[in-house]
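Good morning, and thank you for coming.

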Amino acid sequence: MRRTPAGGAGHGTAGGDRLVSIGSVLNRLREEFPEVTISKIRFLEAEGLVEPQRTPSGYRKFSPGDVERLARVLRMQRDHYLPLKVIREHLDALARGERPPLPSQGGSTGSSGEAAESLPEGPTAARVGRAELLAAAEVTEEKLGEWEAYGLITPSADSSYEAESVTVARLIADLGRFGLEPRHLRAMKAAADRDAGLVEQVVAPLRRHRNPQTRAHAEATTRELAALSVRLHSVLVQTALGVRLP
C-alpha cells in the first residue's frame, strides 16, 4: 500500500520534520556507498525496494526508515551479490516482524523455513557447443551460418557460444516468422553494441577502483544499467509505435 503524502498521517514518522529530500538521502548514503547516485535511488524505488512519501507537488520525501532500508539494500548487493527480487522479499519479511535467514544467491527462504520459489533459471552452462545451440534453438546449420555472417551470433575461438546465444537464436527465428531477415536485424545489433559501450564507460572507473568492494560492485552496477537500458529501449519502441505491451 502506498504511503500517505508528507504532512498527513505518515508511515513510521512522527511528522513531516523527520522527512528528508532525495538529495539529503544521497549525502547520507555516500558516507558508506560513495558510488551511489540519485538515479540509483530512483531505480530502487521503481523496483519496489523503497516507497518514499510524496508532497502534493510530487517531491519525494524519505523517512529515517527509508534511508536505513536503502542502506540495507545497497549493503546486501555489495556484500552478498543478491538479486533485487530476493532482497525485497527478505526485507519485506523483516518488516512484517519475521526473522528470515539471509538468503543465498540461488533463491530466498520463507518464514516457515521451507525453500521459497527459485529465481527464474537462465542457461545452466556458461558456454554451449554448436550442436547444443542448434538443438536448443531448433534451427538448421544453414540458418545459424547466415546469422553468424551478419554478426548476430558470434562463436568464440574454440567454436563455442555464450549460453545466451540460445535465447538470441530463438528470438531471431521468431522475428523471422514476420519477414524480418538477418540484414534487417543488424541495426538492432549495432544499437545493442552502442548501449553496451555506454555501460562500459560508466562501470570502467568502478572496475579500476582501488577499493575491492567497489570493484566487486561494478558487476551489480552493470546488471542494473543493462536492465535500465532494456527498459528504456522497450518504452521508446512502444511509444514510437503507439502501443502498450500487456
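**Loops, cores and helices**

Ser159 counts as partly exposed, because its relative accessibility is 47%. In these terms, buried means under 20% relative accessible area, exposed means over 50%, and partly exposed lies in between, with a 1.4 Å probe and protein chains only.

Before I go on, a word on the source: this is a predicted model, in which local features need pLDDT of at least 70 and side-chain atom pairs count only at pLDDT 80 or more, while totals for chains, interfaces and linings use all residues. Residues are numbered from 1 along each chain as its sequence is written, and side-chain values use heavy atoms, with hydrogens and water left out.

Let me return to Ser159. Its place is the loop between H6 and strand S4 (161–162). Helices (H or I, at least four residues) and strands (E, at least two) are DSSP runs, numbered from the N terminus. The phi angle of Ser159 is near 70°, a positive value in a residue other than glycine. Glu138 also has a positive phi without being glycine, with a value near 55°. Glu138 sits in the loop between helix H5 (130–137) and helix H6 (141–149). Is Glu138 buried or exposed? With a relative accessibility of 71%, Glu138 counts as exposed.

Now to the protein as a whole. It contains nine helices and four strands. Read from the N terminus on, the elements run α-α-β-β-α-α-β-α-α-β-α-α-α. Of the 246 residues, 29% are buried. The protein exposes about 15400 Å², of which carbon and sulfur atoms supply 54%; accessible areas come from the Shrake-Rupley method with a 1.4 Å probe, and for residues only the protein chains shown count as cover. Contact, for us, means heavy atoms within 4.5 Å. Of the contacts with a separation of 6 or more, 51% are between residues 24 or more positions apart.

Next, the interior. In soluble globular proteins, nonpolar side chains tend to be buried together. A nonpolar core is a set of buried Ala, Val, Leu, Ile, Met, Phe, Trp, Tyr and Cys residues joined through side-chain atoms within 4.5 Å. Which residues of the largest nonpolar core touch the most other members? Among its 23 residues, they are Val25, Leu29, Ile41, Leu44, Phe62, Leu70 and Ile87. Helix H1 (22–29), helix H2 (38–46), helix H3 (64–80) and helix H4 (84–95) are the elements that give two or more residues to this core. H3 gives the most, with six residues. Apart from this core lies another, of 14 residues, including Leu133, Val139, Leu144 and Tyr161.

Not counting residues up to four places away in sequence, Ile87 touches Leu49, Val73, Met76, Gln77 and Leu82.

Let us look at H3 itself. The expected span of a helix is 1.5 Å times one less than its number of residues. For the 17 residues of H3 this gives 24 Å, and the end C-alpha atoms are 24 Å apart, so the two agree. Its buried residues include Asp66, Val67, Arg69, Leu70 and Val73. The cover over the buried residues of H3 includes H1, H2, strand S2 (60–61), H4 and H9.

H2 buries Lys40, Ile41, Phe43, Leu44 and Glu45. Their cover includes H1, strand S1 (53–54), S2, H3, H4 and H9. Just after H2, Gly48 takes a positive phi of about 80°.

Ser165 is buried, because its relative accessible area is 9%. Leaving out residues up to four places away in sequence, Ser165 touches Leu133 and Ile153.

Val199 belongs to helix H8 (residues 182–207). With a relative accessible area of 11%, Val199 is buried. Setting aside neighbours within four places in sequence, Val199 is in contact with Thr222, Leu225 and Ser229. Val199 and Thr222 are 23 residues apart along the chain, and their C-alpha atoms are separated by 6.7 Å.

Is Val237 buried or partly exposed? Its relative accessibility is 37%, so Val237 counts as partly exposed.
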